[in-house]
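Biologist: I have a model open and would like to learn how to read its features. Could you take me through them one at a time?

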Amino acid sequence: MPSAPNQLHDAHALVIEGNLQSRSILVAQLRDLGVGTVVQCSRLTDGRRKLEMASFDVVICEQRFERESGSGQDLLDDLRRNQLLPFHTVFVMLTAEASYASVAEAAESALDAYLLKPHTASRLAHRIVQARVRKQSLQDIFSAIDAQDFERAANLCQTRFEARQSYWLYAARIGAELMLRGGRVDEAQTLYQAVIEAKTLPWARLGVARAQLENGQPAKAVTTLESLIRDDDAYADAYDVMGRAQFELGNFQSALTTYEMATRLTPSSISRLLKHGMLAYYTGERSEGVELLDRATRLGLDSKMYDAQALLLLAFARLDNNDARGLQRTVDQLTRLRDRSHAPARPHRLLAMAESLLALQQQNTTRAVDDVRRLTDSVLTPDFDFESACNLLALMGRLAMRSLPMQDAEGAVDRLALRFGTSRAMTELLACAAGSDAGHAERIRAAHGQVLRISQDAMALSLKGDPQGTVQQLLEAGERTGNAKLIESAHQVLQRHSERMDSYPALQERVEALRALYRTTAPITRLGEHTSSGQTPPGGVSLSAGYKPPSPESLTGTTAQPAA
């Protein structure tokens, strides 16, 4: 029996296979190949948990599981998206299906090897060795990524692509991903287009759409994605990006339909269930949203892919249904997540909100009213984020339904809307969070109109030859409201007309202070994909465990607004 090189005796392998006999054969074959440590499990959920807790050099996973709704492909997609597979890990999919669609699906997910049953030990060894050779060939690229030298890594990828060296398509995918995440959006789009011209591939077309979105062109992205989906209507990542584009255009119902298709294609994907469930919940499809969020919670409460905001939305639903036991259970679950979190600020915040709901359900109205008063006083503090705004509006709505007194409720709604109404989509999501309180929803929409007028009035000064007046006016409004769109607009005008401004140094200092204070260039947070999870964007390639996105300070000129 062949022996695999590259020091497999030091390797750790994981076998995920539902059939006991097949699992035993695989374990025996790996041990005969000299693999040092072999761990095995029979269920996808157990495999996911082991991969979240430990690093493996080789993973062999069955594609289909008889008693589970998910597949090995679903597990791989979620692991890639959430960056839970380091670059050195070789992932081998084991399947009895030899159809073109299955092989293409595996290739699209950047799978390392695809092994058909029945297989021999020599064929298994060949697949593992072949994958490790590819990883070794690209080692210089990922060494640069680990060293945080993203520009060098991207340039190495582009050089390999242009010279058509070994694994040039894979290198192009990594390089375009680095450029896109690093703010070099135009260069990323050019590279994706070059891949399409060399060899039309769905992931490259999806990359073009992602670049269009990052460039603030959601309508163009929708057109690109419609063409892609017509050609491949089972490409789940395309629906993820399409849903985001439709959301940013404010077409919530279209986005909801798109997310529904994605969850239908991958019914066990935790991240897709979360996105679909949250949007359904916010857009008034409460029963559907609760069902989806419940399913995501059952599947992934203990997973790093899970977003605790889903539990808080369930807590609101339990309160509305007067489900005291269900609400208490949700508070207990949030408490456990808080206790085991390494970054406790957000779990503390979500738990405190759930405890306010529990107090309201138990007729402890003083606690709930005090919490609303404390939160409304902190709306303009830097740590108060868009998620907090939505949750506060929802809590205020529950108090209003009970006719409980709230001091200056309309003023608090105005401050929330002026700070976070950065786009039509964000404004509508805030209005959705306000729930049945039509008065609050209208105030939120009116505040967005006020933000637009502030921006238009300021830009009019630039058109009249006074860009410095534009910056000053935008800065004053940004300092007053904390609105990221106004602050970033001031930054962009300042950079464009810096040579014409006598007060450039002082204005630059004010702008940068505001950008840092309100973190206007922080990564965008979207439904079901909180930034703390470190998820890979839909359609993106998983980078090595050492990858960290560039700091906001390095992305000068990049507009990043709070998002859902």
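Modeller: Keep in mind that this is a predicted model.

Biologist: Let us begin with cysteines. How many disulfides does the count come to?

Modeller: A disulfide is a covalent bond between the sulfur atoms of two cysteines. In this structure the count comes to zero disulfides.

Biologist: Are Cys41 and Cys157 buried or exposed?

Modeller: Buried means under 20% relative accessible area. Cys41 has 6% relative accessibility and therefore counts as buried. Cys157 is buried too, at 0%.

Biologist: Next, aromatic rings. How many aromatic pairs are there?

Modeller: A pair of aromatic rings is described by the distance of the centres and the angle of the planes. The count here comes to six aromatic pairs. One of them joins Phe161 and Trp168, with 5.7 Å from centre to centre and 45° between the planes, a tilted arrangement. Phe161 is buried, with a relative accessible area of 5%. Another pair is Tyr192 with Trp203: the centres are 6.4 Å apart and the planes stand at 70°, so this pair is edge-to-face.

Biologist: Where in the chain do Tyr192 and Trp203 lie?

Modeller: Tyr192 is in helix α9 (residues 185-198) and Trp203 is in helix α10 (residues 202-214), eleven residues apart. Both Tyr192 and Trp203 are buried.

Biologist: Which residues do ring pairs link into a cluster?

Modeller: Phe384, Phe386 and Phe420 are linked in that way.

Biologist: Which arginines lie over the face of a ring?

Modeller: Arg134 lies over the face of Tyr170, 4.2 Å from the ring centre. Arg164 lies over the face of Phe161, at 4.6 Å from the ring centre. Phe161 is also the partner of Trp168 in the tilted pair.

Biologist: Now helix packing. At what angle do α23 and α24 pack?

Modeller: Two packed helices are described by the angle between their axes and the distance between the axes. For helix α23 (residues 438-463) and helix α24 (residues 467-481), the angle is about 160° and the axes are 6 Å apart. That makes the two helices roughly antiparallel, because angles over 145 degrees count as such. The crossing of α23 past α24 is right-handed.

Biologist: How many residues of helix α3 are buried?

Modeller: An α-helix has 3.6 residues a turn, so residues three or four places apart point the same way. In helix α3 (residues 72-81), ten of the ten residues are buried, and the helix is mostly covered. After α3 comes Gln83, which has a positive phi, near 55°.

Biologist: Finally, single positions. Where is Gly300, and what lies across from it in the chain?

Modeller: Gly300 belongs to helix α15 (residues 286-300), and it counts as buried at 1% relative accessibility. Its C-alpha atom is separated by 9.2 Å from that of Ser269, 31 residues apart along the chain.

Biologist: Is Val39 buried or partly exposed?

Modeller: Val39, in strand β2 (residues 37-41), counts as partly exposed at 25% relative accessibility. Val39 and Ile16 are 23 residues apart in sequence, and their C-alpha atoms are 8.8 Å apart in space.

Technical notes. Residues are numbered from 1 along each chain as its sequence is written. This is a predicted model: local features need pLDDT of at least 70, side-chain atom pairs count only at pLDDT 80 or more; totals for chains, interfaces and linings use all residues. Side-chain values use heavy atoms; hydrogens and water are left out. A disulfide is a pair of cysteine sulfur atoms within 2.5 Å. Buried means under 20% relative accessible area, exposed over 50%, partly exposed in between (1.4 Å probe, protein chains only). Rings of Phe, Tyr and Trp (its six-membered ring) pair if their centres lie within 6.5 Å; planes under 30 degrees apart count as stacked, over 60 as edge-to-face and the rest as tilted. Helices (H or I, at least four residues) and strands (E, at least two) are DSSP runs, numbered from the N terminus. A charge sits over a ring if NZ of Lys or CZ of Arg is within 6 Å of the ring centre and within 35 degrees of the ring normal. Axes are lines fitted to C-alpha atoms, for helices over the stretch in contact, and angles run from 0 to 180 degrees between N-to-C directions. Angles under 35 degrees count as roughly parallel, over 145 as roughly antiparallel, 65 to 115 as roughly perpendicular and the rest as oblique. A crossing is left-handed if the near helix is turned anticlockwise from the far one by less than a right angle, and right-handed if clockwise.
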